[in-house]
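Today I am opening my notebook to look up charged side chains that pair up.

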Amino acid sequence: MDQPEEIELQTFIKQFHRDRVSVRKYCFILGAGASKQSGIPTGGELAKIWLDGIKNLYRSQYDQWKNEKNIDEQNPAIHYSAIYDKRFKLNPEEGFAQLVQIMDGKEPSIGYSVLAQLLTDPFHNVVITTNFDSMTEDALFIYTRRKPLVCGHESLASFINITSNRPVIAKIHRDLLFAPKSNSDETSQLAKGWIDALTQIFRYYTPVFIGYGGNDGSLMEYLEKLETLSNGMFWCYRNADGKPNERIQKLLTNQKGFLIPIDGFDEMMIALNEEMEYPLKDQEILNVAEQRVKKYREQIEKLNKENPASETARAIELANEKSPRTWWSVELEVQTEEDLNKKDNIYKKGLNEFPDSIDLYACYAVFLTDFLKDYNKAENFYKKALSKNQNHFYINGNYANFLNRIKKDYKAAEKYYKKAIELDPENPDNYGNYGIFLHTIRQNDNEAAICYSKAINLGTINPIIFGNFAQLLIWKREFPNAETKIYEAFLFPTHDEKQIYLELWFYRFANFYNQYGDACYDEILKLIRSGVRSPGWNLKPNIELAHEYGHPHVALLEKLDKVITEDAPVDILPDKP
């Protein structure tokens with residue numbers, strides 16, 4: 001038999017990278033070996049365990065069964081399905097239960113982090129696997145936050161669309177939760193839906209096999225019947241296991257494919273990572289987790305603040321009492337207290353209890369800034385927090401806001417805004433806050449508009465960002481886009497920042513008077529008389545534009561500006577325009 005050609009891993013990797021220019025697409029065919037380093041046994045390892053179980057269950061019948069099935073005890077992997085049949089013949093549910101137990105709680109290994117990034121590229125966005133586990137889709141969620149199309153049953157195969165940029169995961173033996181196929185009858189034939197889908201995929205994608213031993217009848221038989229693929233195929237095998245069996249080598253010879261020796265799935269993917277120049281994901285994972293925790297806590301805190309005497313607040317208090325005590329327990333105690341001195345004492349006791357909590361430092365810094373106006377002490381706590389973790393993404397962002405709004409140290413503020421974005425580039429608030437800085441301090445409206453757009457595209461629900469973007473668009477005379485942003489800002493109500501709604505109604509009254517008329521003035525008065533102001537905000541360009549476009553109440557707009565931004569007496573305002 002002719003032998004397939006063998007190439008080094010680095011040769012394949014360099015070609016893989018170069019093929020990006022020629023728009024050659026690759027798909028990945030994963031077997032159980034790809035998940036071994038994630039703590040999931042291979043098919044061969046499971047077959048060996050189950051073979052030992054058969055020996056114990058069928059002691060007197062074992063040799064007869066082994067001879068009838070031609071079981072090779074030295075290579076049980078090739079008899080996986082027959083061994084599974086016999087081991088769980090008395091109770092098929094036990095087999096499923098064992099698979100669930102084996103895969104429960106497993107996390108994708110480092111190699112899957114690289115694969116996930118590869119799958120976000122539309123040139124390499126398809127995985128075909130005989131595995132039941134969820135390592136690939138878990139990795140996509142953990143490392144890229146991209147949602148794949150997971151076809152875990154043959155009835156879903158028709159949904160595969162090779163023209164889509166979305167990552168696709170085709171589980172030809174089904175997902176663990178969809179009655180996975182393990183016995184010989186189920187794995188001997190490939191469902192027609194898969195045949196049609198795979199034929200379409202292989203027409204455009206070059207397959208790269210990793211961790212697949214070809215021991216199931218269905219996929220291997222399908223591959224053997226394939227017409228010659230125009231781009232061939234690449235088959236990776238572990239050095240420690242030796243070259244694949246003759247059946248695989250014959251397939252590769254017929255398809256003019258190549259063998260690639262590798263040390264393991266993770267090692268191969270890390271080598272690919274070096275060529276593709278993907279960054280390591282450790283900091284991003286930490287940032288995403290911290291951001292998720294932050295949002296969770298903010299939602300609890302919001303419910304707690306809205307009505308401290310409510311049943312909801314009481315339920316939160318009880319849940320807090322039953323939870324292990326952390327720095328956040330201190331923060332929730334602070335929120336239930338109204339007296340500022342008592343709040344301060346709670347923080348001080350908490351800092352003694354949790355002296356290494358940078359989150360508590362940051363919360364105390366905000367309290368010192370917003371309530372006690374002790375700015376020097378607040379800055380000290382920001383610095384203490386950052387000295388313990390200079391890469392804490394939201395503390396960098398909060399400190400940037402402090403330097404901007406309180407210390408007026410704009411050079412330092414810009415440094416920390418940029419660092420917050422660098423640390424967490426998927427956080428919309430980082431872009432929004434930097435956009436406000438660029439808009440109001442640097443007068444760099446073009447860059448500010450880019451930041452606002454990024455914040456909105458990343459899914460911000462912060463009405464301040466929409467509102468400030470609206471003002472910038474008004475200044476640029478992009479009135480239809482500005483009105484859209486004002487409308488969107490009103491979709492996200494906030495209880496803490498009512499000044500943004502005062503600004504929004506002012507924009508409508510000043511710059512969209514023909515659409516909204518005097519009704520805007522009524523809304524403005526309500527907010528002003530309830531004590532809402534926006535000190536220091538620049539409304540003068542809006543007034544200049546209103547004058548240019550013939551607004552009938554320019555003098556009133558100027559009075560409103562003095563009340564809103566300079567806290568002039570309310571009695572200078574008439575009840576009606």
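I started with Glu-548, which is partly exposed at a relative accessible area of 48% (buried means under 20%, exposed over 50%, partly exposed in between, with a 1.4 Å probe and protein chains only). I kept in mind that this is a predicted model, where local features need pLDDT of at least 70, side-chain atom pairs count only at pLDDT 80 or more, and totals for chains, interfaces and linings use all residues. I also noted that residues are numbered from 1 along each chain as its sequence is written, and that side-chain values use heavy atoms, leaving out hydrogens and water.

Which side chain meets Glu-548 in a salt bridge? I found Arg-477, at 2.7 Å from N to O (a salt bridge is a side-chain nitrogen of Lys or Arg within 4 Å of a carboxyl oxygen of Asp or Glu). Glu-548 sits in helix H28 and Arg-477 in the loop between helices H23 and H24, 71 residues apart (helices are DSSP runs of H or I, at least four residues, numbered from the N terminus). Arg-477 is partly exposed too, at 40%.

Next I looked up Asp-522, whose salt bridge with Lys-576 has its closest N and O atoms 3.8 Å apart. Asp-522 lies in helix H27 and Lys-576 in the segment after helix H29, so the pair ties together parts 54 residues apart in sequence. Asp-522 is partly exposed at 32%, while Lys-576 is exposed at 56%.

My last pair was Asp-567 and Arg-533, at 3.1 Å from N to O. Is Arg-533 buried or exposed? Arg-533 counts as buried at 18%, whereas Asp-567 counts as exposed at 53%.

Note on methods: Helix = DSSP H or I, 4+ residues; strand = E, 2+ residues; numbered from the N terminus.
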